[in-house]
Amino acid sequence: MQETLRIEQLSRINLYALISRILMNEVDETLLKSIIEDENMLTFFPSFEKWSKLKELSLKDLIEKYLNVDFTNLFLMHLIPYESFYRRDDQMMETGGDNPVQALYNDFDFRVELDIARVMSADHIGVELEFMYKLCDAEFKALEDGEVGIAADIAQIQYNFLKDHLLEWAPMYLLNVKSEAGTAFYFDAAELALEFMMSDFEYLTQLKENGFKYNV
Amino acid sequence: MYLERRTFLKGAAFSVAGVTLARGVFSTDAVAESVAESKFTNTPNSLSFYPDHKEWDNFAELDGTDWKRGGIERHGVRSEENPDGILVNNFMLVPTVCSNCEAGCGLTAWVNRDTMTVRKYMGNPLHTGSRGRNCAKGYAVTSQMYDPDRIPFPLKRAPGSKRGEGKWVRVTWDSAMTEIGKKMHDTLKVGDDLSKKSIMYHIGRQNENGFSKRVQHSMGQDGFNSHTNICSAGGRQGTIQWANDDRNSPDWANAKLVFLQSSHAADAGHYFQQSAGYIADARKKGAKMVVIDPRMSNSAGMADLWLPLWPGTEAALYLYLANRVLHEKDKNGNDLVAHDFVKEWVNWDRLMANKEHLAKMVGYGYISKMPAGESYADFIELAKELYAPYTKEFVLKECKIEGMGYKLDQLWDMYIHAGSQIATYFWRAGSIGHRGGWMNVRAGFLSLVLRGAMRGDIGQTGLHHWQEINLAGTGDAATVAGEKPAKVDSWNELMWPPEFPLSSYEMSYLLPHLLSDTEWQKKWQAKGLNVPTKIPVYIPRMYNPAWINPDGFRWIEVLKDESKIELSLNLSPVWSETNWYCDYILPVGLAGERSDQQSTPSKPEKRLEFRQAVLRVAAEKMGWKAKDPSRATLEAHMKYGLGEIWEETEFWANMMVHHIDPDGSLGIRKFWASKKDPSRAVTVPEYFDAALSSLPKLSETAKAAYPSAEYPVYEYLRDHGAWTEKTDVYKPQEEELGFDGSNYIIEGKKFPKSEVTKDKFGTLWIEEDGHQHSIGIEINGKIHEGFHTKSKKLEFFAEWFAEWKWPEYAVPVYPRNEGEYEKMIHLVTQVHHRHMKGDHEFALNTIYRLPYNIHTRSVNSKHLMEISQNHNPIWIYTKDAEKLGIKRGDAVKVKITDTVTGLDSGYFIAMAVPTEATRPGVLACSHHAGRWKLKDSVDIPGFEHKLGIMGVGAPLYEMTNDGKTGTLKPVEGIHPRHDVWQFKEYNKDLDNIWWDGLSGSWQNAVAAPHPDPVAGNHAWHQKVSIELAKADDKIGDIMVNYENNFKIYQGWRDKLTRPLNSKDTMRRPRHMPRPAVPLSDKAYAVTIKDV
């Protein structure tokens, strides 16, 4: 695999992993430390990097007094990070097996451990992004194994999932997060997720237009 | 910002890999099992999903825990081959009825056929009132049924111990019945007048329609005592005066204006959940909602208009509306008065013909001169003058809403815009909180009558008896007697004292005072009344009078006194404060453990619901048979691990047949012995099939559905749980009276036309049992059934009320100026703002319900307890709090002072929460919280486990009382539980208890009784003064001067009532039936000696 493709794929894996994690659960000290100490990661959080509290407070206090409070507001109480809420006419969350996203995971033999995820249903933004991470990872492994055809099939699934699901609602939710965020961290995280998804869809669109021919 | 793609390529250089960052919530080890043939559905598309009724006997459903993990498609069905699959429950759905408030919403018990336990309670979609829906209390029935502190068997006060010592022994139902039955037999055997007032059955919220009354009736007792005068007697009195029905019944769903005085109906009260749903339906169609309440309740918070009047002054507002309706015209120049309705259906004609009363009205200053004539136009002129003083300026001042004139304008617009489609339910708040609360209802209905909204048509306000089905007391055909017991010949002064002849219901909250007041007893004995001085057998039923009534320490004194109450037994499903002072605690069933017929009109339809012992029913449907069919519920509960839990229906039938009157010599046995097998008591199927077969449509449907059944009506209700006999019950007063050419026909009974007389007002009368009864009304040449009043019209002028000593209040009125406050003191609330003298003095609003703590039986439901914690502070208006330096969370001392006698009652300590959600000058603290216990548990000799007492619902307190002063102090709160010995499977979560329960005070004990001189209701609100608590005051502390409270009861009674005197020949107007047991003329007759 060419280095350019490898970097592209690894970047996609890592970024989907990062944003899915941040948008799924409260951050812990390990994750926060990873972000702060990694200048590459930190560049995705420009406002957070400049936030005075980052220097004034311990990571524990930062999390408990600010980030968790904001997370609760943005993900648990006042905003609803679930696709069914945004897409159903009645704005009801679908928590059972009739959830179309759940059905889609089932089709690919992916099973969501909702109790580990600590979310109500499979169409949570963090879970959908982690699904993208899993697909990117699988695509990468296929490419590493020289299975370009399989990789292309997986890329097609990614394209469809972004088009039919994530991009149908997540931008609205993330704009709401940006608007409601009380901390620079979640403002930046929403911005990152939004920009990255749009950019990645552009990338996948180009790949699709090229007939999923990788520059291997 | 728009990031270029290359920016994201930095991601590849993260120091940690994606696999470390990702949460890792996916797994790919799918269970391969096919679920194509599975009958299970995933989450239904609609919340109203319910299994088809055909499947109720055997419905398979996935275990709840597994639903959360993505449904059956993930793991397949659990089996030996697939142990990780999803558990499937084999359920039988048995319909029943909730019993946690009076609404009677339908439930279904989901009985696991394999374990014979109830796994959950859900709604019953066949109940056309509740429509499959329930509030939190309905779903909490499971936690009540499998309460770890459930009383598992009958308990008796330990021999040699005193009441209240908390020493108990285990007894059997049979031994308890033998001892109690003998005492009742011996008491009844005396057979004199006093013996007919000797057994008191004191009912809490009974949630059934007539069975309890039959218990007393069949024994010839005037001893049926209710809780109603602390609940709703004010609202009832106002309705009785208008319509001789004690409740109205709104058509919420079709109203254009939902007009609420208090949060009742939409928030917590009659018939909450059902009413709330219909109100929501109406609002969806564009109806407006107005809430009149000093407190911003949940209802007020979502209303179109919140009017925080000074509590108790509502009548002023309603008479203002009447004034405007009478004087103003609509935009087309038409009158606003619904003349077609008022002219035909209001008894103005009787007022205009009563010159003597009109002259009195001139004397009172209500009108300036006698009307020119007796015409309808003359009446309208009279009304215009009568209500002219109730102006907007008057309302703003009297209701203390200065600056809110714009709100009155908004109200007016909504009220007029709604036309005649105004639905209301006058019940608690303004009607029960205050002296004269009944007049708030009188005045409130006037404003609706004038607009034609009381016709009972679509979207309007009708009357309760149009829809209620009272058949639970009519199972006579299943018994040896085959007929009703005779009317009772005695009058019990302990329930109906001569000072309160018009009381809506029994003066039940004064029971301990009347029993203690030997001076009062002697006074009336000297005047010729046979006043009891003791109660040989006192039987509370699902009632906790010591806690819920005012002046609780007086209750405790009397309950402990064996010379006043010789034997006491509480038929109680749960531990309660009252149990502590009884001789026997007999554990009876909750919502899914008893048989009752109930009827709860929440919309214009005639409907009944049927509560059942669901384990018994499930077992019987699966083939189990009781050894003794008249004790099937008890046997089933013991067999299936619920404990020795019984139900009243079987209990009383067995008591009467085998213990109270075993040889039939008292004439009682025949009313309870089975016609089918006279050697035993009547069974549940026999009794209720007989009682409910009188509904023609139900009977026909049941026979068609169960053609070979012995008890088709019973079986129909057993399987459906509810029945709607008639829909669209609108304006039945306009129905033409049945006539076959020579007889008028009423409820199947024929009255020959030749024996019917018509008076000059068009009312038709017949003579029966030596009394004149009105049977119909002629209007425009047609004979109609009419309203339930003597005049057959709505009674603007309550003529009988004038005759019964209250002429000045026989039409809706309210003091028009300060000078009239004293003259009309019976109509002026005891917490009127004129009594508040300084910044620290307030009216205390106590009588709003907390939606999860309505009746005391739900105290130990862990689910309800969890959501009710810290929900009952003292609400105080923000600026009032600022003036007194009170901050959120401060403990405050709330001292109660009576405004009639000037006496202090004591104080309670509570937590303050300053808020904009109560009006200035008015504090709020619901009296539905503040439970206590004196021991955490009791040891039962010979039983290996301690019996816990309200272990999740009530903190531990320490009590002192010396006959004059009582105190209660919290010792410790509720703890996580590790000692569960029964129903462990249902109580694995008790380690998680986080609440300590120390947030309420037993304010009821501090409150002195305030008997309204007319309606007899306890006027709940209190005048209080507050200050910051001292360091040694704890939230939950109370101190009560119950010697003063006794004087306050006497003060209200002696200063405000108009007792019977030597000119009276009747105890109470004969047309005003006593609400429970039918009494004979002999019982109604009275002779009072002048001494």
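In this predicted model, I125(A), E128(A), F131(A), M132(A), L135(A), C136(A), A138(A), E139(A), A142(A) and L143(A) of helix α10(A) are in contact with V148(A), I150(A), A151(A), I154(A), A155(A), I157(A), Q158(A), F161(A), H165(A), L166(A), A170(A) and Y173(A) of helix α11(A). Sorted by class, this contact comprises 18 nonpolar, 2 polar and 2 charged residues. Helix α10 of chain A covers residues 125-144 and helix α11 of chain A covers residues 148-180; their axes come within 9 Å and cross at roughly 165°. Angles over 145 degrees count as roughly antiparallel, and α10(A) and α11(A) are therefore roughly antiparallel to each other. The crossing in which α10(A) passes α11(A) is left-handed.

## Buried elements of chain B

Strand β8 of chain B, residues 199-203, is mostly covered, with 5 of its 5 residues buried. The cover extends to both faces of β8(B): I199(B), Y201(B) and I203(B) are buried on one side, and M200(B) and H202(B) are buried on the other. Strand β8(B) runs parallel to strand β16 of chain B (residues 535-541), to which 5 bridges join it. In that pairing, I203(B) stands opposite R541(B) of β16(B). Strand β8(B) also pairs in the parallel sense with strand β9 of chain B (residues 224-225), over 2 bridges. Here Y201(B) stands opposite F224(B) of β9(B).

Helix α8 of chain B, residues 211-218, has 8 of its 8 residues buried, so it is largely enclosed by the rest of the structure. The buried residues of α8(B) include the charged-class pair K213(B) and R214(B), together with F211(B), S212(B), V215(B), Q216(B), H217(B) and S218(B). They pack against β8, β9, β16, β19 (593-598) and α26 (648-660) of chain B.

## Open sheets and hairpins of chain B

Strands of a sheet pair through backbone hydrogen bonds, in either the parallel or the antiparallel sense.

One open sheet of chain B contains 4 strands in the order β2-β3-β4-β5, with antiparallel pairing. Its edge strands are β2 (59-62) and β5 (117-123) of chain B, each of which pairs on one side only. From one strand to the next, the twist averages 40°. Within this sheet, 7 bridges join β3(B), residues 88-97, to β4(B), residues 106-112, and L93(B) has W110(B) in β4(B) as its bridge partner. Helix α24 of chain B, residues 614-621, lies across β3, β4 and β5 of chain B and runs at about 120° to β3(B).

A further open sheet of 4 strands in chain B has the order β25-β26-β27-β28, and its pairing is antiparallel. At its edges stand β25 (757-758) and β28 (782-784) of chain B; each has a single partner strand, so one side of each is left without a neighbour in the sheet. Strands β26(B), residues 763-768, and β27(B), residues 771-779, pair over 6 bridges. The bridge partner of E767(B) in β27(B) is Q772(B).

Strand β23 of chain B (residues 743-746) takes part in two antiparallel pairings, with β22(B), residues 738-739, and with β24(B), residues 749-752. In these pairings, G738(B) stands opposite I745(B) of β23(B), and N743(B) stands opposite P752(B) of β24(B). Both pairings form hairpins, and the table sets out their turns.

| Hairpin | Residues between strands | Turn residue with positive phi | Phi |
|---|---|---|---|
| β22(B) and β23(B) | 3 residues | G741(B) | about 105° |
| β23(B) and β24(B) | 2 residues | E747(B) | about 45° |

## The surroundings of E1027(B)

E1027(B) is located in strand β38 of chain B, residues 1022-1028. It counts as partly exposed because it has 14 C-beta neighbours inside 10 Å; 20 or more would be required for a buried residue, and 12 or fewer for an exposed one. Not counting residues up to four places away in sequence, E1027(B) touches H840(B), V892(B) and K893(B). Of these, H840(B) is 187 residues apart from E1027(B) in sequence, yet the two are 7.1 Å apart in space, C-alpha to C-alpha.

Methods: Residues are numbered from 1 along each chain as its sequence is written. Chains are lettered from A and ligands numbered from 1 in the order in which they are written. This is a predicted model: local features need pLDDT of at least 70, side-chain atom pairs count only at pLDDT 80 or more; totals for chains, interfaces and linings use all residues. Axes are lines fitted to C-alpha atoms, for helices over the stretch in contact, and angles run from 0 to 180 degrees between N-to-C directions. Angles under 35 degrees count as roughly parallel, over 145 as roughly antiparallel, 65 to 115 as roughly perpendicular and the rest as oblique. A crossing is left-handed if the near helix is turned anticlockwise from the far one by less than a right angle, and right-handed if clockwise. Two residues are in contact if their C-beta atoms, placed from the backbone, lie within 7 Å. Two strands pair if DSSP finds at least two bridges between them.
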